[in-house]
Amino acid sequence: MVARPMIAAPFVYWGVKVLRNPHAQVPKAEPVTDRLKPLLSRAAPQLPSETKDLVRINAAVHTGGGSMLAWGWFPRISSLALAASMVP
């Protein structure tokens, strides 16, 4: 009962922090996004390809998934989304 909010809290905290200032994480994310850009452009051309936008999407997944996990809404799906967003 207490474990889910405790696990979710760092995801929500860092997700909101990065949403407020994504430019701080862009240099760290560039090596990963540079490898993913060709794959993303072929698989989903409607997604943005700038690193800053991809960092924001990842932060939104962390914030949303962490909130859902903390409240117990769709805990398996939110856990899967959080785990998938952590894999580079």
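**Helix packing and a pocket**

Modeller: In this predicted model, Asn-58, Val-61, His-62, Gly-65, Gly-66, Met-68 and Leu-69 of H3 meet Pro-75, Ser-78, Ser-79, Ala-81, Leu-82, Ser-85 and Met-86 of H4.

Colleague: Why are H3 and H4 called roughly antiparallel to each other?

Modeller: Their axes come within 9 Å and cross at roughly 150°. Angles over 145 degrees count as roughly antiparallel, and H3 and H4 are therefore roughly antiparallel to each other.

Colleague: Is the crossing of H3 and H4 left-handed or right-handed?

Modeller: The crossing of H3 and H4 is left-handed.

Colleague: What makes H2 and H3 roughly perpendicular to each other?

Modeller: The axes of H2 and H3 also come within 9 Å, but the angle at which they cross is roughly 100°. The range for roughly perpendicular is 65 to 115 degrees, and H2 and H3 are therefore placed in that class. On the H2 side the contact is made by Val-26, Ala-29, Glu-30, Thr-33, Lys-37 and Leu-40, and on the H3 side by Thr-51, Lys-52, Leu-54 and Val-55. These residues of the contact of H2 with H3 divide into five nonpolar, two polar and three charged.

Colleague: How many helices and strands does the secondary structure of the protein come to?

Modeller: There are four helices and zero strands, and from the N terminus on the elements run α-α-α-α. The C-alpha trace of the protein spans about 40 × 25 × 20 Å along its principal axes.

Colleague: How much space lies in the largest pocket, and which residues are the closest to its centre?

Modeller: The largest pocket holds about 840 Å³ of space. Of the 27 residues that line this pocket, Leu-54, Val-55, Asn-58, His-62 and Ser-85 are the closest to its centre. Two or more residues of the lining come from each of helix H1 (3-20), helix H2 (26-43), helix H3 (51-71) and helix H4 (75-86).

Colleague: What does the lining of the largest pocket have by class?

Modeller: The lining of the largest pocket has 20 nonpolar, six polar and one charged residues.

Definitions and conventions: Residues are numbered from 1 along each chain as its sequence is written. This is a predicted model: local features need pLDDT of at least 70, side-chain atom pairs count only at pLDDT 80 or more; totals for chains, interfaces and linings use all residues. Side-chain values use heavy atoms; hydrogens and water are left out. On a 1 Å grid over the protein atoms alone, a cavity is a set of points where a 1.4 Å probe fits but cannot get out, and a pocket is an open set with protein on both sides within 12 Å along at least five of seven lines; lining residues have an atom within 4 Å of a point. Grid points are joined across faces, edges and corners, and a volume is the space filled by probe spheres set on the points. Ala, Val, Leu, Ile, Met, Phe, Trp, Tyr, Cys and Pro count as nonpolar, Asp, Glu, Lys and Arg as charged, and the others, Gly among them, as polar. Axes are lines fitted to C-alpha atoms, for helices over the stretch in contact, and angles run from 0 to 180 degrees between N-to-C directions. Angles under 35 degrees count as roughly parallel, over 145 as roughly antiparallel, 65 to 115 as roughly perpendicular and the rest as oblique. Contact means heavy atoms within 4.5 Å. A crossing is left-handed if the near helix is turned anticlockwise from the far one by less than a right angle, and right-handed if clockwise.
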